[in-house]
Amino acid sequence: MHFSGGQIPVEYSRHIKVRVAFLLSSLFFVGLVLIFSIGMGPVLISPLEVLKTLSGESISRQFDMIIWNIRLPQALTAVVAGMGLAVAGAVMQAILRNPLGSPFTLGISHAAAFGAAFSVMILDLGTMTSSNVGAVSLNSPYLTTAIAFAFSLIATCIIIAISRLRMARPETMILTGVALGSLFTAGTMFLQYFADDIQLAAMVFWTFGDVARASWIELLLIAVVVSGASVWFFLNRWNFNAIEAGDETAKGLGVKVEQVRIIGMLIASLVTAVIISFLGIIGFVGLVCPHVCRRLIGDDYRFLLPGSCLVGGILLLAADTAARLMLAPNVLPVSILTAFMGAPVFIWLIIRSNR
Amino acid sequence: MINVNVNGVSFAYNGCSVLEKISFHVNRGELLAILGPNGAGKTTLLKCMNSIHRPDGGTVLVEERNVFAMSQNEIARLFGYVPQRLETARLTVFDSILLGRKPYIRWRVREKDIRMVDAVIRRLSLEHLSLRHIDRLSGGELQKVSIGRALVQEPEILLLDEPTSNLDLKNQLEIMNTVKDVVKSHQVSAVMTMHDLNTAMRYADKFLFLKNGEIISCGGCESINPEVIEEVYGVDVEIEYRNGHPVIHPLDDTGQ
């Protein structure tokens, strides 16, 4: 069967160009916000001075120190973590065929929080120190990170194992995730109930997601995982489009639906687990950014995946910059602001989509 | 010329037999209607043909090639499948139909793919809806998009699961005329499950009656008689011929 005589419609070409323009302007916007973010803080640095310092031209030792050691790693961490959380959220929404798909829906972040609480309480890793950042800190943050990561992966493995028994149905994944989230929350509350003041403070401190925790090494690790995962996601963009059209349609188009769903779930969870374990819980980015993109450019995963990535980077970086500045000299953890911003934006999206 | 040959296909679900050694063939340019009551195994048979369900026994041959020895991508190039349940997303009509080129797309969409989608959109008279999101389409328009997606797969066989269910009379006729026209003009085969006997009589060339996973009757118009329908559906009917087409009338208790 062959259908000939078709043209390349002008309107469709324009439709594609608009989406490409959206991606390019988002990329430009990431760079713009990055430069402004690096310049903002107790010591103001002009965008020109930021650009000169970043290009290797030393203006002053103080600027070099501030930019290379403090602001650049924090800003880049916000961009990369925002990209990772948003793209993982978009993929979870595709494979679960559910608009509420996100690391939170599946209990992955609850498992990480339980892992951190477990390390503080059982392994005694939370201590009281007096520093100008805060009174409570973790005396072995890497071990806490590793344990939080391990529990996130345990949650993911349980969800995948149970869903495999039920032919990897999305509803099985969601219901198992909700049940696990509830279980890990109960576990965290149990530990918190018996924790002393310092342990309790350390547990709560860990759950406040904050991109300032990452140094260059953590940033590199997160970036490697996020970029590797993003490549796999992008290679599967047509599979996600097909799954969005329904499992049966996707199978009829040659997609190995169960395999894509399980591997996609595993990789999206891995990305989320790495970010949450290093930075703490940062909510709403994974949920809101893909929905913002869906409203702007539609559900086509060819554009939705890179779009969510870029919007996630912009959103988390802007939120982190605002969190650093709005109550200066106090610095808010970015997770508080993302939740404050995310909820009204999400409600607005729901109202808009019902019109 | 035989296009697709189904030989002794059996399928069981959770130990319960759903299909019992089903055999039939469909020629090129032929439209086969699978008929039967709810739960007879019609949709399962359709899904076994393109390996969405892997049968427990039997073979499906397309021009002597064994479908079950092929990759899923190869199968997707042979069978265009239109499921009964259609999902909507915020994809445009053009992109939804373009999705049918998935078995052929490697890294990027080629000009050839775009041209073929455009040709199918014109063939289905959907030009005015080309950039509309499919979640804003009517049932009939959505069904056309789904058929368009199957057509750009360039299949040898079209599998349609109740293509006219939930459609009004005008849309039913439009969809069936389109399917029949494509089957005849491109000399492909079509297998469709149906509930409406009279629509099936009007458009199909062959009829396969299923009951409890077994074939009760298979053949052309001549194979349909009140006894077969009574056996399959448990309903008394009379068959009247109008312009050469059989029309089925159910009878009440009084035989009227």
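Which residues point one way from strand 6 (residues 79–82) of chain B, and which the other way? F79(B) and Y81(B) point one way, whereas G80(B) and V82(B) point the other way, and all are buried. The views below come from a predicted model.

**View 1. Strand 6 of chain B and its pairing with strand 7.** In a regular strand the side chains alternate between the two faces of the sheet. On strand 6 of chain B, F79(B) and Y81(B) share one direction, and G80(B) and V82(B) take the other. Strand 6 pairs with strand 7 (residues 157–161) of chain B in the parallel sense, over 4 bridges. Within this pair, V82(B) is opposite L160(B) of strand 7.

**View 2. The open sheet of chain B.** The sheet has 6 strands in the order 6-7-8-3-9-10, with mixed pairing. Its edges are strand 6 and strand 10 of chain B, each of which pairs on one side only. From one strand to the next the twist averages 15 degrees. Helix 5 (residues 139–151) of chain B packs on the sheet and touches strand 6 and strand 7 of chain B. The direction of helix 5 makes about 165 degrees with that of strand 6 of chain B. Helix 8 (residues 226–233) of chain B also packs on the sheet, where it touches strand 9 and strand 10 of chain B. The angle between the directions of helix 8 and strand 10 of chain B is about 155 degrees.

View 3. Strand 9 (residues 206–211) and strand 10 (residues 214–219) of chain B pair in the antiparallel sense over 5 bridges. L208(B) has C218(B) of strand 10 as its bridge partner, and K211(B) has E214(B) of strand 10. The hairpin has 2 residues between the strands. N212(B), in this hairpin, takes a positive phi near 50 degrees.

**View 4. The side of chain B that touches chain A.** Across the two chains, 39 residues of chain B are in contact with 29 residues of chain A. Helix 2 (72–78), helix 3 (93–98) and helix 4 (111–123) of chain B each supply at least two residues of this side of chain B. Helix 4 of chain B gives the most, with 9 residues. By residue class, the side of chain B that touches chain A divides into 20 nonpolar, 9 polar and 10 charged residues.

**View 5. Helix 9 of chain A and what covers it.** Helix 9 (residues 237–244) of chain A is largely enclosed by the rest of the structure, because 7 of its 8 residues are buried. The buried residues are W238(A), N239(A), F240(A), N241(A), A242(A), I243(A) and E244(A). Their cover includes helix 3 (61–96), helix 10 (247–252), helix 11 (257–279) and helix 13 (301–325) of chain A. Just after helix 9 of chain A, G246(A) takes a positive phi of about 115 degrees.

View 6. Chain A has 14 helices and 2 strands. Its C-alpha trace spans about 75 × 50 × 35 Å along the principal axes. Of the 355 residues of chain A, 51% count as buried. Among contacts in chain A between residues at least 6 apart in sequence, 76% join residues at least 24 apart.

Note on methods
Residues numbered from 1 in each chain as written. Chains lettered and ligands numbered in written order. Predicted model: local features only at pLDDT ≥ 70, side-chain atom pairs only at ≥ 80, totals over all residues. Buried ≥ 20, exposed ≤ 12 C-beta atoms within 10 Å, placed from the backbone. Pairing = 2+ DSSP bridges. Contact = placed C-beta atoms within 7 Å. Nonpolar A, V, L, I, M, F, W, Y, C, P; charged D, E, K, R; others polar. Axes fitted to C-alpha atoms, helices over the stretch in contact; angles between N-to-C directions.
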